[in-house]
Amino acid sequence: EFVISLLDACEVDICAHRASPPKGVEFIDAHKVAGCLIARKRRDGDSFRPINCPGRRSVSDFLIDLKLPPQQRNATWWLCDEEGIIYLSGLRIAHRVRITPETTRVMKIEYHQAPAPGR
C-alpha cells in the first residue's frame, strides 16, 4: 500500500530524513511528478535513473546489484508517473524527482508492505 501526502517544503526536514530515513518513507518534489500515479509490478525493459547515479539503469540490473533474491525482486512494487518510474518501493527514488533547494511542494510517499499470507 502506498500512502501519499502533499506538504509544503518548509514542513519537511530533509536533512534529518537523509540522516536517518524511516523504512518505506521517501520525499520527492511534487512539481516534478508528471500526471497521474500508478502502482505496478516489474515489466521487461524497465529502466530508471536512481537518485545520485550518473545514468539510467535497467531495473533488473539495479535489483541484482542490491543482491535481492528473485522472490523479493518479483514482489517489489513500482510507483510510476507518466514519464516512468519515480520510486522502487522501499529501495530508491528516481533522480528526476529528487528534492532540490528550489523545491516548494513535497510529496511524502509511505510504502507499507502487506503481511505475508497466513499471518
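First, the conventions. Residues are numbered from 1 along each chain as its sequence is written, and side-chain values use heavy atoms, with hydrogens and water left out. As the model is predicted, local features need pLDDT of at least 70 and side-chain atom pairs count only at pLDDT 80 or more, while totals for chains, interfaces and linings use all residues.

Now the sheet. Three strands form an open sheet in the order S1-S9-S2, paired antiparallel. Strands here are DSSP runs of E, at least two residues, and helices are runs of H or I, at least four, numbered from the N terminus; two strands pair if DSSP finds at least two bridges between them. Strand S1 (2-8) and strand S2 (25-29) are at the edges with a single partner strand each, so one side of each has no neighbour in the sheet. S1 and strand S9 (residues 105-111) run antiparallel and are joined by seven bridges. One of the residues involved is Leu6, whose bridge partner in S9 is Met107.

Next, the cores. A nonpolar core is a set of buried Ala, Val, Leu, Ile, Met, Phe, Trp, Tyr and Cys residues joined through side-chain atoms within 4.5 Å; buried means under 20% relative accessible area, with a 1.4 Å probe and protein chains only. The largest has 21 residues, and Ile28 and Leu88 have the most contacts inside it. Helix H2 (59-65), strand S6 (78-81), strand S7 (84-88) and S9 each give two or more residues to this core. S7 supplies the largest share, four residues. Apart from this core lies another, of seven residues, among them Val12, Val25, Phe27 and Ile99.

Conventions: Buried < 20%, exposed > 50% of the residue type's maximum accessible area, 1.4 Å probe, protein only.
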